[in-house]
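I opened this notebook to keep track of what I looked up, one topic at a time. The structure comes first, and my entries follow below it.

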Amino acid sequence: MTTPVLRTRLPAVGTTIFTEMSQLAAEQQAVNLGQGFPDFACDPRLIALVDEAMRAGHNQYPFMTGVPALRAAIAAKIAALYGRSYDADTEITVTSGASQAIQTAILCSVHPGDEVIVIEPAYDCYAPAIALSGGVVVPVAMRIESDGYTVPWDEVASAVTPRTRMLIVNSPHNPTGSILRAADLAALADIVDGTDILILSDEVYEHMVFDGQQHESVSRHPVLAERAFVISSFGKTYHVTGWKVGYVAAPASMMVEFRKVHQYNVFTVNTPMQHGIAAYMADPAPYLGLPAFYQKKRDLFRAGLAGSRFELLPADGTYFQCVRYGAISDLPEAAFAKWLTREAKVAAIPVSAFYGKPTESGVVRFCFAKKDETLHKALETLSQL
């Protein structure tokens, strides 16, 4: 007997750089500042609320669209922070993390031959979802200058064709730590106004914007919100990445199509965790206090590298810090990240991994969503390179 050979749907996909670097970090007993997850616990109150939900019997399938109390809490939060009123019944869906929301938004919208503009470096789940839909990725590279990464909106506009179906934006941005500002959203609105182009706005780091700046959600902008899937994640906000609970907000007509796909690829999401998160959201302090919490860690990490040979790039949002390493090594990014893991015992992620085609900028990304003692341990060696 011979096992049939599958013809791959994703020929360009192999083991992700996150898996590779985390495995290398474990082998080398290195401090893992590569993959983006906290090494500290979430609020015990949140655990207690999920426990209460399980003991109260919330252990069977919830509504396909999500627990009503959670959808209502999400709608209330968006209205309070960004001024956009989404109907909790028809315009909010709870998803199995942001990645499932992203894939579902693409699968329900993009047809074979449709083009999707992706701003690079880009989170690695966008391109595979586009490929599975039969769409075509149209990459536009961010500019990297002394003041960090910026989106070249003139090049984005030039990339638009009659086949453009969707444009993906991500702010706060993974991996660069940059943010979109009001002028960026205005430029984006000018590009899509008068077209049928959809927006997918990945906002999973929405509560991690620093130095008193505000998060410019696409939901703030009426022209954009009317054509946008706006996606976020409780995993990032509440330090529970393993729970895989997120959500999408979109106009009702778009949500009808989103839910058609959602009901057949996951159907619904973990019931007691939805109830626990809904109850926890009654107190906005945890997410309102998140910018200060992570800014303190960002500042600790940046201060520790300030006298080193790393060149710190701006980090206005997320829990990532990008650095240039040209004064230390002329190795390509992936090779340098592996060298750093083996020799300095600190793992990072090469930013080149976030491009569809080989692109070298001499930049790696560190994650500072770690205990202070973890950051201090990493800084002991990084500051000496």
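**Before starting.** I note that I am reading a predicted model, and that every value below is computed from it.

**Cysteines.** I looked for disulfides, taking as the cut-off a pair of cysteine sulfur atoms within 2.5 Å, and the count came to zero. I then checked C42, which is in no disulfide, since the nearest cysteine sulfur, that of C367, is 16 Å away, whereas the cut-off asks for 2.5 Å. C42 counts as buried, at 15% relative accessibility. C108 is likewise in no disulfide, and here the nearest cysteine sulfur belongs to C125 and is 14 Å away. I also recorded C108 as buried, with a relative accessible area of 14%.

**Cis peptide bonds.** I went to the bond that joins E120 and P121 and found it to be cis, with omega at about 5°. P121 sits in the loop that runs between β3 (115-120) and α5 (126-133). I next looked up the bond from N174 to P175, which is also cis, with omega near 25°, and I placed P175 in the loop between β7 (164-170) and α7 (182-192).

**Positive phi.** I looked at D211, which is not a glycine and yet has a positive phi of about 60°. D211 belongs to the loop between β8 (198-202) and α8 (222-225), and its relative accessible area of 43% makes it partly exposed. I then turned to T318, another residue other than glycine, where phi is positive and near 70°. T318 lies in the loop between β11 (311-312) and β12 (320-324). Is T318 buried or exposed? I found that T318 counts as buried, at 0% relative accessibility.

**Strand β10.** I wanted to know which residues of β10 (residues 246-249) are buried on each side.

**Partners of β10.** I followed the pairing of β10 to strand β2 (residues 92-95), which runs antiparallel to it and is joined to it by four bridges; within this pair, I92 stands opposite A249. I also traced strand β9 (residues 228-233), which pairs with β10 in the antiparallel sense over four bridges, and there I noted Y247 as the bridge partner of S232.

Key
Residues are numbered from 1 along each chain as its sequence is written. This is a predicted model: local features need pLDDT of at least 70, side-chain atom pairs count only at pLDDT 80 or more; totals for chains, interfaces and linings use all residues. Side-chain values use heavy atoms; hydrogens and water are left out. Buried means under 20% relative accessible area, exposed over 50%, partly exposed in between (1.4 Å probe, protein chains only). Helices (H or I, at least four residues) and strands (E, at least two) are DSSP runs, numbered from the N terminus. Two strands pair if DSSP finds at least two bridges between them.
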